[in-house]
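Please read these comments with the model open beside you. They are meant to be followed one at a time.

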Amino acid sequence: MTLLALITGVNAVGNGLYATISALYFTSVLGHSLGLVSAVLFSAMMLAMAADLAGGRLADTRGPRQVFQAGLVVSLAGMAAMLAAGEVVVFVLAGLLAGVGQGLCMSSNVALIRRAAGADAVMARATLRTFLTAGLALGGLAGAGVLAVRAPQAYLFAIAVNLVTFLWCALLTRKLEVPGSPANGSRRPAGLFHVYRDLRFMMFAVISALISVHNHVLPFAVPLWLAITHPRLTWLAGIAMVINTVLGVVLQIQANARVNSGRGAVLSFLLGGAAIGASYIVFAWMAQAPLATAVVLVLGFVVIYSLGEIVLSAGAMDLQFRVVPGELQGQYSAAFGTMHGLASAVAPAVLGLVVSSGGMFGWLSLAAATGLLALMVLVVGRRFEFQPVG
C-alpha cells in the first residue's frame with residue numbers, strides 16, 4: 001500500500017500540472033482553435049468512458065495491475081505525442097491516447113485497491129484519496145507557476161514532467177504484488193453489461209452522479225457567481241480551493257474511519273449530500289449581503305461544503321465496495337464511473353444556467369434537488385445486500 005500511495009501521489013502531481021496548463025498549451029502554444037480543442041476533448045472523454053468499461057471487464061478477468069499499467073503506458077504515449085502536437089493529426093492522436101489511458105486507469109484502480117488492500121480496502125482508498133488530493137494541489141501550484149511564466153518552453157517542460165510521472169508510475173506498478181483474485185470471490189465475472197441490470201446499484205450510481213455536479217462548483221461556479229454578485233471578492237475563489245484541499249487532506253481518513261457498516265455508509269452519504277445542499281443556500285444568501293458579511297458567508301459556505309463533500313465521499317467510497325461482489329469490482333466501478341462521467345459532461349452547462357439565469361432561485365433549486373437526491377439513497381439503501389470487504 002505504501003507503493004500504491006507513492007504511485008497515486010506522483011500520478012496526481014502530473015495530472016494536476018497537466019490539467020492546469022493544458023487549455024492554454026493547446027490554444028496559445030500549439031495554436032489550435034478552441035473549436036478543435038473542444039472537439040478533441042469531447043472525443044477523448046467519450047473514449048475514456050469506453051475504455052473504462054473495457055478496462056473494468058479486463059481488470060476482473062486478467063488482473064487490475066496489468067490494466068492499470070497499460071493505462072499508464074498509453075497515457076505516456078499520449079504525452080509524448082503532445083510534445084510535438086502542432087500538427088492537427090498529431091494533436092488529435094495525442095488527445096485520444098490520453099483519453100484511452102485515463103479510461104483504462106479509472107476502474108482498474110479501484111479493483112487494484114480492493115485486491116491489494118483486502119479487508120482494509122475502504123480505509124486504503126480513503127488514504128489514497130488524501131494522497132490524490134495533495135498531489136493534485138501540488139501539481140496545480142506548479143501549473144500556476146507555468147502560467148505565470150507564460151513561456152512556450154515552460155509549457156513544454158510541464159508536459160515533459162507529466163510524461164515522466166507516467167513513466168515512473170508505470171515502472172513502480174511493475175513492483176506491485178496483487179492477489180490473483182479477491183479473497184471473497186470465486187465466480188467467473190459476468191457479461192460486460194451485467195452490471196447495468198443490477199437496478200439497485202445503478203440507482204445508487206445515478207443518485208451519486210447527479211449529486212456529483214458539486215465537483216464543478218468550486219472551480220467553475222464559485223468564481224462566476226462571485227464575479228456577478230461581488231466582483232471585489234473574486235479572489236476568494238482561490239482561497240476556497242485551498243480551504244477545500246486542506247480540509248480534505250486532514251479529515252478524509254477520519255471520516256472514513258467513522259463509517260464501519262453498510263448502514264453507516266448510507267447515513268454518511270445522506271448527511272454529506274444534505275450538507276452540500278445546505279452550503280448552496282449559504283452561498284446564495286451571500287449575493288444579497290454587504291461586502292464584509294459576504295466574506296464571512298463565502299468562508300462559511302466553503303467549510304460546510306467541504307465537510308459535506310468529505311462525509312459524502314466517505315459514504316460513497318464505502319458503498320462502492322460493500323454493495324459490489326469482489327470478483328466484479330472492476331466492472332461495477334466502470335459503470336459507476338460512466339454515470340459520473342456523463343454527469344461531469346453536463347455539469348458546466350447546468351451550473352452555468354444556475355449562475356447566469358437562475359440567480360438565488362437557481363442555487364436554492366440546486367440545494368433542494370441535492371437534498372432530495374440524498375434522501376433517495378435511504379430508499380435504495382434498504383434494498384442493498386452488503387458484501388464483505390476483504
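Predicted model: local features only at pLDDT ≥ 70, side-chain atom pairs only at ≥ 80, totals over all residues.

1. Start with helices α8 and α12. Helix α8 covers residues 217-229 and helix α12 covers residues 329-381; their axes come within 10 Å and cross at roughly 45 degrees.

2. On the α8 side they are V217, F220, A221, L224, W225 and I228. On the α12 side they are P348, L351, G352, V355, G359, M360 and W363. Sorted by class, the contact of α8 with α12 has 11 nonpolar residues, 2 polar ones and no charged ones.

3. Helix α3 (residues 64-82) packs on helix α4 (residues 88-117) at an angle of about 155 degrees, and the two axes are 7 Å apart. This makes α3 roughly antiparallel to α4, because an angle over 145 degrees counts as roughly antiparallel. The crossing of α3 and α4 is left-handed. By class, their contact has 20 nonpolar, 8 polar and 2 charged residues.

4. Which residues have the most contacts inside the largest nonpolar core? They are F201, F204, L226, F283, F301 and W363, in a core of 65 residues. The elements giving two or more residues to this core are α7 (199-211), α8, α9 (236-257), α10 (262-286), α11 (291-322) and α12. Helix α12 gives the largest share, 16 residues.

5. F201 deserves a separate look. Setting aside neighbours within four places in sequence, F201 is in contact with V195, V323, V324, Y332, A335, F336 and F384. There is also a second, separate core of 41 residues, which includes A117, F166, A170 and L172.

6. Is H230 buried or exposed? H230 is buried, because its relative accessible area is 10% and the cut-off for buried is under 20%. H230 is placed in the loop between α8 and α9. Not counting residues up to four places away in sequence, H230 touches W225, M286, A287, A289, P290, L291 and A294.

7. R150 is another loop residue, placed between α5 (121-149) and α6 (152-173). Its relative accessibility is 68%, so R150 counts as exposed. The phi angle of R150 is near 65 degrees, a positive value in a residue other than glycine.

8. L93 lies in helix α4 and is partly exposed, with a relative accessible area of 49%. L93 and V40 are 53 residues apart in sequence, and their C-alpha atoms are 9.0 Å apart in space. Q254 lies in helix α9 and counts as partly exposed at 43% relative accessibility. Q254 and V10 are 244 residues apart in sequence and 23 Å apart in space, C-alpha to C-alpha.

Definitions and conventions. Residues numbered from 1 in each chain as written. Heavy atoms only, no water. Axes fitted to C-alpha atoms, helices over the stretch in contact; angles between N-to-C directions. Helix = DSSP H or I, 4+ residues; strand = E, 2+ residues; numbered from the N terminus. Contact = heavy atoms within 4.5 Å. Nonpolar A, V, L, I, M, F, W, Y, C, P; charged D, E, K, R; others polar. Core = buried A, V, L, I, M, F, W, Y, C linked by side-chain atoms within 4.5 Å. Buried < 20%, exposed > 50% of the residue type's maximum accessible area, 1.4 Å probe, protein only. Parallel < 35°, antiparallel > 145°, perpendicular 65-115°, else oblique. Left-handed = near helix turned anticlockwise from the far one by under 90°.
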